[in-house]
Amino acid sequence: MLRKSPFNRKKILIGITGGIAAYKIPQLVRILKKEGAEVQVVLSESAKQFVTPQTLSVLSERPALSDFFQSDQGEWNNHVHLGLWADLIIIAPAGANTLAKMAHGICDNLLMSVILSARCPVFVAPAMDLDMWTHPSTQSNIQTLESRGVTMIDPEEGSLASGLEGKGRMAEPEKIAQILGKHLTPAPNYFLGKRVLVTAGGTQEALDPVRYIGNRSSGKMGFAIAEQLLSLGAEVDLVYGAVSVDPPIGSNNHQTLSAQAMNEACQSLFPQCDVLIMAAAVADYHSVDIAKEKIKKSDETLTLTLAKNPDILKSLSDTKKTHQVLVGFALETENEEFHAQQKLQKKNLHCIVLNSLKNPKAGFALDTNEVTLFCNDGNQFHIPAQEKNQVAVSLLNILGDWLTKTHS
Ligand code: PMT
């Protein structure tokens, strides 16, 4: 069977900036075209000193662009359109000046404006002299770019144009193509066709017909996970307590309020599921007596007697079959990692997702979260603060990869 190239019909925008390594880019264009990619080249003015637009146009079968306007025809090269067109952008070679401009959002030419307008992954293959590469300002620009999701294809060691020896040579076109191809190769989707039980929201423990003990969970985190699982092709059973947003459409939705009711729903659904992700905030205690009528105000103090609720996650873990995977959440306010690791062990889970209420961007009710996934083989993965929907995407990608490696 013919191998399907990850580049097939992918739209790759190659940005070339001034540097001797620019002479190697026609080779990169040839490789990507041969693999079936559509290639659009955008060059900076200084790149033209090292490689001709004509060569690049012929090889890419598209005009190589460098100006906002094609002066002879009065046509405008729309940078926003180019940025949105691309499935992936690679800037190669990128000198210290380009990295600095990218890190600081300077858009003084067509290429920089395209980069600022892009929504796709951006890769950079730096090339520069040894001391420029190691200079703290270059390294700090690289850190800034990486923290924004730009991927660096590190330069290699060797003879540099200056005559010095060391790190600074642009990675070879074949290596750049290999790294881009790896990125474009769809990761195996662990969740496709799996049945996943997700819990979300907070439980409410009645005190009387009017009042309850509850918590601030909105359901947003668990619902975002359920929604993302649906788009990954999983069948989702969603058990949720009190919430302030609507559950997703497409999952098998079961609303429960008390921890006991959530426990019953989970116990009946768990045997059929392959994965459990427990994002609900379950009350650890319920009131022993639930008053039939509204409790009247009388004494200065009111004493409630509380009894322990079932630990749903622990009891499901005790009955799990070998193929079943259990993922818990830990909401902590102090000594976070220690408590999360303890829950991972005590509840005998595969993974636990820690979020801390100390973090102003994480936890209850907010639209954002910042989490760390701890796995039972010692691996841990941090997901920086972002919208809960995006956290769910990253979390399930990481979890799916980890499960593919450890449980397939
Ligand atoms: O709903 P949002 O507003 O978006 O907020 C999301 C969240 C903060 C509620 C969520 O990200 C989260 O952290 N959920 C777990 C909260 C919690 O109850 O943590 P815990 O550390 O007390 O419990 C540890 C694990 O045991 C959890 O998976 C919990 O669901 C489970 N548990 C706890 C008690 C109990 N009786 N039974 C359980 O199964």
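Helices α4 (96-104) and α7 (residues 136-147) pack at an angle of about 45°, with their axes 9 Å apart. Here helices (H or I, at least four residues) and strands (E, at least two) are DSSP runs, numbered from the N terminus, and axes are lines fitted to C-alpha atoms, for helices over the stretch in contact, with angles running from 0 to 180 degrees between N-to-C directions. That angle makes α4 oblique to α7; under 35 degrees would count as roughly parallel, over 145 as roughly antiparallel, and 65 to 115 as roughly perpendicular, the rest being oblique. The crossing of α4 and α7 is left-handed, a label used if the near helix is turned anticlockwise from the far one by less than a right angle, with clockwise giving right-handed. On the α4 side, A96, L99, A100, M102, A103 and H104 meet T138, N141, I142, T144 and L145 of α7, where contact means heavy atoms within 4.5 Å.

The model is predicted, so to speak of local features pLDDT of at least 70 is needed, and side-chain atom pairs count only at pLDDT 80 or more, while totals for chains, interfaces and linings use all residues. Residues are numbered from 1 along each chain as its sequence is written, and side-chain values use heavy atoms, with hydrogens and water left out.

With a relative accessible area of 9%, N141 is buried; buried means under 20% relative accessible area, exposed over 50%, and partly exposed in between (1.4 Å probe, protein chains only). Leaving aside residues up to four places away in sequence, N141 touches L99, A100, A103 and H104. S287, by contrast, lies 146 residues from N141 in sequence and 56 Å away in space, C-alpha to C-alpha.

The domain assignment gives domain 1 (11-184) and domain 2 (195-285 + 303-407), with bounds that come from an automatic or database domain assignment. The C-alpha centres of the two domains lie 42 Å apart.

Strand β1 (residues 11-16) runs parallel to β5 (residues 88-94), joined by four bridges, and I14 stands opposite I90 in β5.

Helix α5 (residues 110-117) is mostly covered, as seven of its eight residues are buried. These are L110, L111, M112, S113, V114, I115 and S117. The cover over the buried residues of α5 includes β1, β2, α3 (79-85), β5 and α4.

Another helix pair is formed by α1 (residues 25-34) and α8 (residues 173-184), whose axes come within 9 Å and cross at roughly 40°. The two helices are therefore oblique to each other, and their crossing is right-handed. Q27, L28, I31 and L32 in α1 meet P173, E174, I176 and A177 in α8.

A second open sheet has eight strands in the order β14-β13-β10-β15-β18-β19-β20-β21, with mixed pairing. Strands β14 (252-255) and β21 (380-387) stand at the edges, each with a single partner strand, so one side of each is left without a neighbour in the sheet. From one strand to the next, the twist averages 15°.

Within this eight-stranded sheet, strand β10 (residues 195-200) is mostly covered, with five of its six residues buried. Six bridges pair β10 with β13 (residues 235-240) in the parallel sense, and A200 has Y240 of β13 as its bridge partner. Strand β10 also runs parallel to β15 (residues 275-278) over four bridges, where V196 is partnered by V275. In turn, four bridges join β15 to β18 (residues 325-332), again in parallel, with L326 of β18 as the bridge partner of L276. Helix α12 (residues 336-346) packs on the sheet, touching β18, β19 (351-356), β20 (368-375) and β21, and its direction makes about 150° with that of β19. Helix α13 (residues 388-407) lies across β15, β18, β19, β20 and β21, running at about 160° to β21.

Technical notes. Pairing = 2+ DSSP bridges.
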